[in-house]
Amino acid sequence: MTIAVSTPRQHSPLAEGLRPHRFDWRPSLEAEGQAESPQTRHDFSKEGDPIKGSGAPAISFGSFRLLPSRRLLLDGETPVNLGSRALEILIALVERPGELVGKKELVSRVWPRTHVSEGNLKCQVAALRRALGDGRDGRRYLDTSPGQGYRFVAPVEAENEAVPWQPQPAALTHEHNLPSRTMPLIGRTDVVAKIADRVTRERLLTIVGPAGIGKTSVAVAAAERLIGAYDDGIWQIDLASIADPRLVPTALASALKLTIRSDNPLPSLIAAVKDRQMLLVLDNCEHLIEPAAALAIAILRGSRSIQVLATSREPLDVEGERVHRLSALESPPESIGLNAAEALRFPAVQLFVERATATMNEFELSDNDAPGAAGICRKLDGVPLAIEFAAARVDTFGVRGLAARLDDQMPLLSGGHRLAPPRHRTVSAALDWSYQLLSQEEQTVFRRLAILVGDFTLETAIAVVAGSDRISLDIAFIVESLVMKSLVTANVGDGEVRFRLFETTRAYALTKLAESGESDVLGSNGRQSFPCSERRPSGTELASVV
Ligand SMILES: Nc1ncnc2c1ncn2[C@@H]1O[C@H](COP(=O)(O)OP(=O)(O)OP(=O)(O)O)[C@@H](O)[C@H]1O
Ligand SMILES: [Mg+2]
């Protein structure tokens, strides 16, 4: 078995306090020798006296010695625990001692290919201050000009003028493999911020929710916020394209550019990454739930500084996992006289309009169409994938035409773009993905639940699903399992749990019920199979079986 680690070393910033720190290098003898070189003193009597190009491979200040070409800061002879971004900030400031270096300049130097907020800069400066002990015991190195930038205010000494010193660009080249976003994420600002925050505190956080609700989109957006926070980067491992469970560790290895030659790669893989500080985005796990869970648990047990953000239609169900159930985009409630401006306050309608505009450049939501658009979003339960498909049909039917036809169109809804994965090309394909993962018993219960319109109690589900053939299944247990798998939603209100299938899911389940030929056992329209209709909770409606 061989593991060749070919990933370039990544350095980081933020989570300084979180990680066990390591150094891959030691100050070399050569560096120590340079300490004996003649030194040129730079005091700050003149503001902006640049040491850039002064020919110094090392710069001293206080008890510190900075070796930019080695990307090393020594306190005496001891390497200082400093992430690469904080180090880059230090180099940028020390290059122009006494000079105000603007925030924008620092941000574009430290994060050259990425758009990041100034909050990240603040965070790095705070880490740098901590590492230097700035402000403690009379030490003063950095000065903040509020709203403008920072300057290095301690005297510096540049060593060895004979060797020209060029500041090195940040050595960060492969810090993440997150896809670049082609379309804006709508209505998820708060949840993305919340997840990004939780990720830094939890070792394993799983975003769970139904097909197409936006788990991957939210996970990627949250991970984007953390770019720069991990020494060894952020790596998305998309399991959707993998069918063979044995290939799950391989998928991780290939994201990390590790070469594995072993029949049992997991232990070696964990050994290779155990000291790394990184975020793994284990995406689309549901169809490989067991190997994904095994990988997650091996990572949690085998490393101290790797965090995992997973997305799945069901939880991984391992020790230490925290789950975030992702809700749908909010749609306008039913109301009379809703106008376009009011409808557009809701993210589901914003998404609908945004996608309709992408296919019809003249599209603009009119007041007349606003109730129709709101109705479509409600009917689609605010599920982004379904809303995208519906919006793609507006050019054929118009908003009101589509609203009127939606019931017939629902399972057929399609419109995924050319590069969308196959399971995102139609609503049916998205749900097939989940349905095929169910056991036969779960499929039976799921199909039969299709006749329950709106929300229902467990008691109702048991009575209806049992049918006239009195199937001997633990229906309560299976309903719970369907909830875990995000095919049924459960809401606790007034102490009573009420279940529901999203309309798109129910329409899909109805087609499966019709195909199964089981409609008879539920009665010609389902009603006859309901043995205790007098106990039927108000609001429980039964659908006709197509
Ligand atoms: N908030 C949003 N704003 C705009 N588009 C969104 C949003 N959420 C999801 N989408 C779009 O909806 C589609 C489905 O999103 P995504 O792949 O994130 O869902 P998912 O929950 O991960 O699906 P699956 O269960 O199949 O893995 C994608 O085309 C995505 O771009
Ligand atoms: Mg996904």
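A residue is called buried if 20 or more other C-beta atoms lie within 10 Å of its own, exposed if 12 or fewer do, and partly exposed in between, with C-beta atoms placed from the backbone. Keep that in mind as we walk through this predicted model, in which local features need pLDDT of at least 70, side-chain atom pairs count only at pLDDT 80 or more, and totals for chains, interfaces and linings use all residues. Residues are numbered from 1 along each chain as its sequence is written, while chains are lettered from A and ligands numbered from 1 in the order in which they are written.

Asn 284 sits in the loop between strand S14 (278-283) and helix H9 (289-302); helices (H or I, at least four residues) and strands (E, at least two) are DSSP runs, numbered from the N terminus. Asn 284 has 23 other C-beta atoms within 10 Å, so it is buried. Its phi is positive, about 60°, although Asn 284 is not a glycine. Asp 317, in the loop between strands S15 (306-312) and S16 (321-325), also has a positive phi, near 60°. Asp 317 counts as partly exposed because it has 13 C-beta neighbours inside 10 Å. Arg 345, between helices H10 (340-343) and H11 (347-359), has 10 such neighbours and therefore counts as exposed.

Now for the inside. In soluble globular proteins, nonpolar side chains tend to be buried together. A nonpolar core here is a set of buried Ala, Val, Leu, Ile, Met, Phe, Trp, Tyr and Cys residues joined through C-beta atoms within 7 Å. The largest one has 112 residues, and Ala 292, Phe 352 and Ala 373 have the most contacts inside it. Leaving out residues up to four places away in sequence, Ala 373 touches Ala 343, Val 349, Phe 352, Val 353, Leu 365 and Val 399; contact means C-beta atoms, placed from the backbone, within 7 Å. A second, separate core of 34 residues includes Ile 89, Ala 92, Ala 127 and Tyr 141.

Finally, look at two helices. The axes of H2 (residues 84-95) and H3 (residues 103-110) come within 10 Å and cross at roughly 130°; axes are lines fitted to C-alpha atoms, for helices over the stretch in contact, with angles from 0 to 180 degrees between N-to-C directions. That angle makes H2 oblique to H3, since angles under 35 degrees count as roughly parallel, over 145 as roughly antiparallel, 65 to 115 as roughly perpendicular and the rest as oblique. Arg 85, Glu 88, Ile 89 and Ala 92 of H2 meet Leu 106, Arg 109 and Val 110 of H3.

Conventions
Two residues are in contact if their C-beta atoms, placed from the backbone, lie within 7 Å.
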